[in-house]
Amino acid sequence: MSMEHEEIVNQILAYNPEADVALFRKAYDFIVKAHNGQVRISGEPYIIHPLEVAKILTSLKLDIITIVAGLLHDAIEDTHTKIEDLKEIFGGEVAFLVEGLTKLSRIEFKTKEEQQAENFRKMLLAMAKDIRIILIKLADRLHNMRTLEHLPPAKRMAIAQETLDIYAPIANRLGIGWMKTELEDLSLKYLHPSEYEDLVKKVAKREEERKGYINEAIDIVSNALKKENLSGDVKGRPKHYYGIYQKMLKQGISFELVYDLTGIRIITETKADCYAILGVIHSLWTPVPGRYKDFIGLPKPNGYQSLHTTVIGPKGERVEIQIRTRDMNRVAEEGIAAHWQYKEKTPLGEPDMERFGWLRQLIDLQRDLTEAKDLLDTIKVDLFPDVVYVFTPKGDVKELPKGSTPVDFAYSIHSDIGHHCVGARVNGKIVPLKYHLKNGDTIEIQTSPVHVPSRDWLKFIATPRAKTRIRQWIKAEERKRSIELGRELLERELKRHDLSPSVIKSKEMVDIARGSGFQGTEEMLVAIGYGILSALQVINRMLPEKAKEEEMPVKKTPKKEKWTKGVSVKGIDGILIHFSKCCSPIPGDRIIGFITRGRGVTIHTEDCTNVLDLAVDKDRLIEVNWQQDELIHPARISVYTVDKPGLLANVSSAITSAEVNISQANISTTDDKKAYLNFVVEVKDLNQLDRVIKRVKQVEGVLDVKRVMTA
């Protein structure tokens, strides 16, 4: 074992002769004693794991403090060591990193969105404090993935999915290309083992078959560069199994149809050489339209720079080619680690927030996003850099997710510009606000001080920042309108009982509000405006002699549960109930309530598309349940039939034979002698509707029957 740790020492000295390797040896001796007798699930001595983590960090040429912290990363968690001990022996910087890692190691990503969102927050804040914490965490995860076969299948799957969802995207965003690729490939190996093994065999077979072809292409390029006096190392590009797998899934094609597996990478000296070599390549072979990308002129958000092109190479087959300088190649492989390695004067723990602005934006947004689902969606959008690059009128570059619109662009500049956005010009031409921005577009936003955000914007915008700001604005406006409406309704009721409207501002009204479960009078006015509470119920609290006629409910009392029209609204008494006409829920459907201002609660099916559009303010969604009743509910069914005489009568007879009344019917015919018979039937529950559908399906000439969920 000592030989292995000395090999790491030699590797450190090879790139940093001045490194304090005595500190590394000291840390090694410390963990040998601390982890003495401990073994991994594989049966190997535990000491192997921290050594492998240190080896990965050394391969990134990181500073000695980071490597020592990697060696000690499990000391607090798995031994009797205390953080004070590490601080005294190895210094405050090492102790700080290990403590940050210990907090992260206690995170277990669970299926609950709230738990997962909280873990994301911790991860982001750790990255903001010192990016080295995440670099060590990535090295730790990479070695765990390399030895994942020793864990039970269920645990393997969970860790692999977590790696694919979180750690691989983080490695990608930090620009560590080789680590991102290996994490993705290892995740695929355990999530889809049979597909992975099949892919490995097929790639190996194709590489063997095409070895001569790729060597021929490399020779042609090398000779062409020599003729032009251009220097460049030309090599085959390693394959990325997960990338091939994703391409097969997204395009719905088999492995045999993935044509661009053949790849060449050319490493040269200068940026000018890159463009000169590109010209040589395009003079040799025809480029494939739409496949040329210049990431030198417009680098990726993680700092990646390269020229990409796909050409029709020898024998008419596609070849993917990447061209970059040595420095660009180092950044492509090592990312942020290359930017802050041992030789940098700037401390590694001070992230360049201009270079990694996405991290700053994520940290800012996580403070605003209280809903777990919103935060998770935001993280996923911002971690996967599927972006477009656009320009402000002054020529500044803006990075936005693909699918972004001028509204997203406006909010990326400032919330006020977004709120007052009325139109946009792209490349000098007026475009709709839902226009999808393209790489290279120059956007000019037109604003008006009297214009306000539209709820419809939420249907087409792409960025979490824009969605958050619009929802916050709508929520504030709806609250303001509800207070106004609630005040108006309460004043009207006060006048009807010969009471002064000034009572609303009294201490008595504050006491009534708090006694009803609200924080104060304003919260109670919101409830009246939404229809959760009636103004008369407030008056009954003020006039005890009337209280017996109609008791004032207490907001959200967990034990009480009243029901109206066959539906119980959890925690609220005496509420008005309406069934939505858009989805017409019936007993047996999974339902949810939406608090409608001035109208009480509207009942929708859980999968009704309108609920997602309406529920900008998540507080207005409320749990509801069906109760036994004898009420009749309308349901729509559509019957697709052949067009022949007597069929309407036969279908109608089948419906009524299930003891169901038809309240509405209409017929439309098609050119190919088919017909649609649309009915509104009155049923007690989902079981009765299912019986109706089964009977109608048995009628001769009926081709299909389905329930229609939208009006």
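Biologist: Which helix holds glutamine 161?

Modeller: Glutamine 161 is found in helix H10, residues 153-173. The model is predicted, so local features need pLDDT of at least 70 and side-chain atom pairs count only at pLDDT 80 or more, while totals for chains, interfaces and linings use all residues. Residues are numbered from 1 along each chain as its sequence is written, and side-chain values use heavy atoms, with hydrogens and water left out.

Biologist: Is glutamine 161 buried, partly exposed or exposed?

Modeller: Buried means under 20% relative accessible area, exposed over 50%, and partly exposed in between, with a 1.4 Å probe and protein chains only. Glutamine 161 has 34% relative accessibility, so it counts as partly exposed. Its C-alpha atom is separated by 9.7 Å from that of glutamate 184, 23 residues apart along the chain.

Biologist: What does serine 187 touch?

Modeller: Contact means heavy atoms within 4.5 Å. Serine 187 lies in helix H11, residues 177-191. Not counting residues up to four places away in sequence, serine 187 touches Met145, Ala160, Thr163 and Leu164. Serine 187 has a relative accessible area of 0% and is therefore buried.

Biologist: How do I read the totals for the chain?

Modeller: The protein chain has 28 helices and 22 strands. Of its 711 residues, 49% count as buried. Among contacts with a separation of 6 or more, 66% are between residues 24 or more positions apart. The accessible surface, from the Shrake-Rupley method with a 1.4 Å probe, comes to about 35,300 Å², and 50% of that belongs to carbon and sulfur atoms.

Biologist: Which residues touch the most other members of the largest nonpolar core?

Modeller: In soluble globular proteins, nonpolar side chains tend to be buried together. A nonpolar core is a set of buried Ala, Val, Leu, Ile, Met, Phe, Trp, Tyr and Cys residues joined through side-chain atoms within 4.5 Å. The largest one here has 72 residues, of which Phe24, Leu72 and Leu138 touch the most other members. Helix H9, residues 131-146, gives the most to this core, with nine residues. Apart from this core lies another, of 32 residues, including Leu494 and Met542.

Biologist: What is phenylalanine 24 in contact with?

Modeller: Beyond its neighbours within four places in sequence, the contacts of phenylalanine 24 include His5, Ile8, Ala54 and Leu71.

Biologist: How many aromatic pairs are there?

Modeller: Rings of Phe, Tyr and Trp (its six-membered ring) pair if their centres lie within 6.5 Å; planes under 30 degrees apart count as stacked, over 60 as edge-to-face and the rest as tilted. By this rule there are six aromatic pairs. One of them joins tyrosine 196 and tyrosine 241, which is edge-to-face at 5.7 Å centre to centre and 75 degrees between the planes. Tyrosine 196 is in helix H12 (residues 193-227) and tyrosine 241 in helix H13 (residues 241-251), so the pair ties together parts that are 45 residues apart in sequence. Both tyrosine 196 and tyrosine 241 are buried. Tyrosine 640 and tyrosine 676 form a stacked pair, with 4.8 Å centre to centre and 25 degrees between the planes. Tyrosine 640 is partly exposed at 23% relative accessibility, and tyrosine 676 is partly exposed at 33%.

Biologist: In what order do S9, S10 and S11 form their sheet?

Modeller: Strands of a sheet pair through backbone hydrogen bonds, either parallel or antiparallel. Two strands pair if DSSP finds at least two bridges between them. Here the order is S10-S9-S11 in an open sheet with antiparallel pairing. Strands S10 (429-431) and S11 (443-447) are the edge strands, each pairing on one side only. Strand S9, residues 421-426, pairs with S11 over five bridges, and glycine 423 stands opposite glutamine 446 in S11.

Biologist: Which helix lies across S9, S10 and S11?

Modeller: Axes are lines fitted to C-alpha atoms, for helices over the stretch in contact, and angles run from 0 to 180 degrees between N-to-C directions. Helix H19, residues 406-413, lies across S9, S10 and S11 and runs at about 80 degrees to S11. Seven of the eight residues of H19 are buried, so H19 is largely enclosed by the rest of the structure. Among those buried residues are Phe409 and Tyr411.

Methods. Helix = DSSP H or I, 4+ residues; strand = E, 2+ residues; numbered from the N terminus.
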